[in-house]
Amino acid sequence: MTRTTPGRPLRADARRNYERILAAAGTVFAEQGADGSLEEIARRADVGSATLHRHFPSRRALLLAVFEDGIAGLCEQARSLARDAAPGPALTTWLRALATYTVTHRGLSLSLLPPGPGAAVGDDPCHVMLHDAGAPLLHSAQRAGAVRSDVVFADLLTLVTAISLAIEATGDPAEAERLLTLALNGIHVTA
């Protein structure tokens, strides 16, 4: 995605810098996690630190931009599942996809943590995108009696984020799947 200023696209050189920063950040975050060096990102993108900070005023903004396309794909998957699958399985399938994506993209789980104090939910485009795609799946599953009525979407996002953070070092999607299944089924033996 290419960021634009209100009513005006980026100049060609600024757009190239933006894209190089995103590519370098994706590589550095994959190698080093969310705490990857911003200086290293700027060096690999062949831009100065000030250029990086002009495009991305915070580490969180950079993390969210790196993962925005993947989040958009997950959101499209949620819409497709809402059309084509039964409500309970649709929600479960989507949560598994979200967990797998989060675990296999180091740094994403940190960016999915709630924004800091004083930040409005609308300040975080990935949270808004995920909420707008996932909340309808949750509500459909609740109406179908597949999910408790007291569950809110933030609970599910926190659950997936916690699982991802817990196993980020290994990045094992199978372990994320196992823990998510355990959390979704609870610890009670089914009869």
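A crossing of two helices is left-handed if the near helix is turned anticlockwise from the far one by less than a right angle, and right-handed if clockwise. Helix 5 passes helix 8 in a right-handed crossing, and helix 4 passes helix 5 in a right-handed crossing too. The model is predicted: local features need pLDDT of at least 70, side-chain atom pairs count only at pLDDT 80 or more, and totals for chains, interfaces and linings use all residues. Residues are numbered from 1 along each chain as its sequence is written, and side-chain values use heavy atoms, with hydrogens and water left out.

**Overall make-up**

- The protein chain has nine helices and two strands; helices (H or I, at least four residues) and strands (E, at least two) are DSSP runs, numbered from the N terminus.
- Read from the N terminus, the order of the elements is β-β-α-α-α-α-α-α-α-α-α.
- Of the 191 residues in the protein chain, 39% are buried; buried means under 20% relative accessible area, exposed over 50%, and partly exposed in between (1.4 Å probe, protein chains only).
- Contact means heavy atoms within 4.5 Å. Among contacts between residues at least 6 apart in sequence, 62% join residues at least 24 apart.

**Helix 5 and its two partners**

- Helix 4 and helix 5 (residues 87–104) pack at an angle of about 165°, and their axes are 9 Å apart. Axes are lines fitted to C-alpha atoms, for helices over the stretch in contact, and angles run from 0 to 180 degrees between N-to-C directions.
- Helix 4 and helix 5 are therefore roughly antiparallel; angles under 35 degrees count as roughly parallel, over 145 as roughly antiparallel, 65 to 115 as roughly perpendicular and the rest as oblique.
- On the helix 4 side the contact is made by F67, G70, I71, L74, C75, Q77, A78 and L81, and on the helix 5 side by A90, T93, W94, A97, L98 and Y101.
- These contact residues of helix 4 and helix 5 divide into eleven nonpolar, three polar and no charged. Ala, Val, Leu, Ile, Met, Phe, Trp, Tyr, Cys and Pro count as nonpolar, Asp, Glu, Lys and Arg as charged, and the others, Gly among them, as polar.
- Helix 5 and helix 8 (residues 153–166) pack at an angle of about 40°, with axes 9 Å apart. That angle makes helix 5 oblique to helix 8.
- From helix 5, the residues L91, W94, L95, L98, A99, T102 and V103 meet F153, L156, L157, V160 and S164 of helix 8. This contact between helix 5 and helix 8 has ten nonpolar, two polar and no charged residues.
- T92 is also in helix 5, and with a relative accessibility of 25% T92 counts as partly exposed.
- T92 and L138 are 46 residues apart in sequence, while their C-alpha atoms are 9.4 Å apart in space.

**Aromatic pairs**

- The structure holds two aromatic pairs. Rings of Phe, Tyr and Trp (its six-membered ring) pair if their centres lie within 6.5 Å; planes under 30 degrees apart count as stacked, over 60 as edge-to-face and the rest as tilted.
- The rings of Y18 and F56 have centres 5.1 Å apart and planes at 25°, so this pair is stacked.
- Y18 lies in helix 1 (residues 12–32) and F56 in the loop between helix 3 (49–55) and helix 4 (59–84), so the pair ties together parts that are 38 residues apart in sequence.
- Both Y18 and F56 are buried.

- S37 lies in the loop between helix 1 and helix 2 (38–45), and S37 is partly exposed at 26% relative accessible area.
- Not counting residues up to four places away in sequence, S37 touches V28 and Q32. S37 and A25 are twelve residues apart in sequence and 9.0 Å apart in space, C-alpha to C-alpha.
- R44 is in helix 2 and is partly exposed, with a relative accessible area of 34%.
- R44 touches A24, T27, V28 and E31, again not counting residues up to four places away in sequence.
- D46, in the loop between helix 2 and helix 3, has a positive phi of about 60° although it is not a glycine. D46 is exposed, at 64% relative accessibility.
- T51 is in helix 3 and counts as buried at 14% relative accessibility. Leaving aside neighbours within four places in sequence, T51 is in contact with N17 and I21.
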